[in-house]
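Dear colleague,

I am handing over the structure below, and after it you will find an account of what turned up in it. Please keep it open while you read.

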Amino acid sequence: MQYTTLGDTGMTVSKICLGCMSFGDPAWRDWVLGEEEGKELVERALELGVTFFDTANMYSNGESERVLGEALEGHRDEAVVATKGYFRMDESNPNSGGLSRKAIETQLQASLDRLGMETVDLYQIHRWDDETPIRETMAALDDAIRRGQARYVGASSMWTHQFAEALHTSERRGLDRFVTMQNHYNLVYREEEREMLPYCESRGVGVMPWSPLARGYLTRPDDEIDATLRGETEEHMYRHPYREGGGQEINARVAELADEKGVKMAQIALAWLFHKEWVDTPIVGTTSVEHLEDAVEALDIDLSSSDVDWLEEPYEPVRVSGHD
Ligand SMILES: NC(=O)c1ccc[n+]([C@@H]2O[C@H](COP(=O)([O-])OP(=O)(O)OC[C@H]3O[C@@H](n4cnc5c(N)ncnc54)[C@H](OP(=O)(O)O)[C@@H]3O)[C@@H](O)[C@H]2O)c1
């Protein structure tokens, strides 16, 4: 395993973060692993040196946090645990979502209870909340750090001007600021290169992309995308513009380069991200120990600059996807 410090913090994380949306309760999504298999995945991740785990209160309605917390028993100090809040957890209660002080205090406490932890290493806002002034959100997050409930705070997909406003608000008011950005970034979705990634780089913000394999689109040829249960049943892969703007040609080039190097398509797609200096650690989603092992092996794949250029060349701008 390779390690890096997260953004400009001193906290070390593995260069692969295990995404925990894939386990919890299969009743939430057909392709989600149940408790025992989820725990096996976490156990194998720890053996491989993966120390960074990303979950959210909404994944399997809290079950992902609960399973992760149990799986990490006895390993709490070596693990770096990140969770998120924002989406409404109880449809009948508007204060169970959003980023008001009330929502943050209750949702963070509920996440800690499910995780069975007193402190989470990174607490992230899952989206921007138009209804709450950012000064209220940043003050509530800073208070959570003072109370010892979170060590750092981070953000996820939003417009760069919103993220800049959040950072400025914290700095003006002497509050702890977001140290990470969890955004949508992969070979077939590169709109973040326009503003967000250069901004993060200039501000020392750690970048941890979600759906680094385009939800599976970059792991098999275009005409096989519905060959897995997730490919067959998850509408998100089809809602994102992965097959637009040169995406199908990129998929073909990933397959060709994988063939040439004798590795898997998923490994080429991850290796491309590992070669991007502004990325700290992609959040890999998998339901398979073998696929997790593939990700770890991908750290050793060397791509030349002409390989990178060739993979990137067909890309054309596509519509923004991942936030409103
Ligand atoms: N902040 C946000 O809004 C947000 C949004 C989405 C996701 N996330 C985070 O990002 C994580 C990853 O997201 P994701 O699951 O959508 O993304 P992903 O990593 O891009 O894609 C996962 C898909 O790729 C397949 N795959 C992985 N490795 C493979 C391999 N070696 N060979 C073949 N197929 C492979 C998986 O299938 P198998 O299961 O068969 O391995 C799964 O279908 C989530 O767990 C979550 O923590 C955050």
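This is a predicted model: local features need pLDDT of at least 70, side-chain atom pairs count only at pLDDT 80 or more; totals for chains, interfaces and linings use all residues.

Arg190 sits in the loop that runs between strand E8 (178–182) and helix H6 (196–203). Once its neighbours within four places in sequence are left aside, the residues in contact with Arg190 are Tyr185, Trp272, Glu312 and Tyr315. With Glu312 there is also a polar contact, in which the side chain of Arg190 reaches the backbone oxygen of Glu312 at 3.4 Å.

Turning to the protein as a whole, it contains twelve helices and ten strands. Its radius of gyration is 19 Å, close to the 20 Å that the globule rule gives for 324 residues, so the protein is as compact as a globular protein of that length. Along the principal axes, the C-alpha trace spans about 55 × 40 × 40 Å. The protein exposes about 13,400 Å², of which carbon and sulfur atoms supply 43%.

The other part to look at is the ligand, which is surrounded by 27 residues, the closest being Asp54, Leu213, Thr286, Thr287 and His291. The residues of this shell divide into ten nonpolar, eleven polar and six charged. A polar side-chain atom of Asp54 lies 2.7 Å from an oxygen atom of the ligand, while for Ala214 a backbone N or O atom lies 3.2 Å from an oxygen atom of the ligand. In the case of Gly285, a polar backbone atom is 2.9 Å from a ligand oxygen atom. Taken alone, the ligand exposes 910 Å², and the protein buries 92% of that area. As for where the shell comes from, the elements that give two or more residues to it are strand E10 (283–285) and helix H11 (289–298), and E10 gives the most, with three residues.

With best wishes

Methods. Residues are numbered from 1 along each chain as its sequence is written. Side-chain values use heavy atoms; hydrogens and water are left out. A residue is near a molecule or strand if one of its heavy atoms lies within 4 Å of it. A polar contact is a pair of N or O atoms within 3.5 Å; within protein, one must be able to donate a hydrogen and the other to accept it, and residues adjacent in sequence count only if both atoms are side-chain atoms. Accessible areas come from the Shrake-Rupley method with a 1.4 Å probe; for residues, only the protein chains shown count as cover. Helices (H or I, at least four residues) and strands (E, at least two) are DSSP runs, numbered from the N terminus. Ala, Val, Leu, Ile, Met, Phe, Trp, Tyr, Cys and Pro count as nonpolar, Asp, Glu, Lys and Arg as charged, and the others, Gly among them, as polar. The radius of gyration is taken over C-alpha atoms; the globule rule is 2.2 Å times the number of residues to the power 0.38. Contact means heavy atoms within 4.5 Å.
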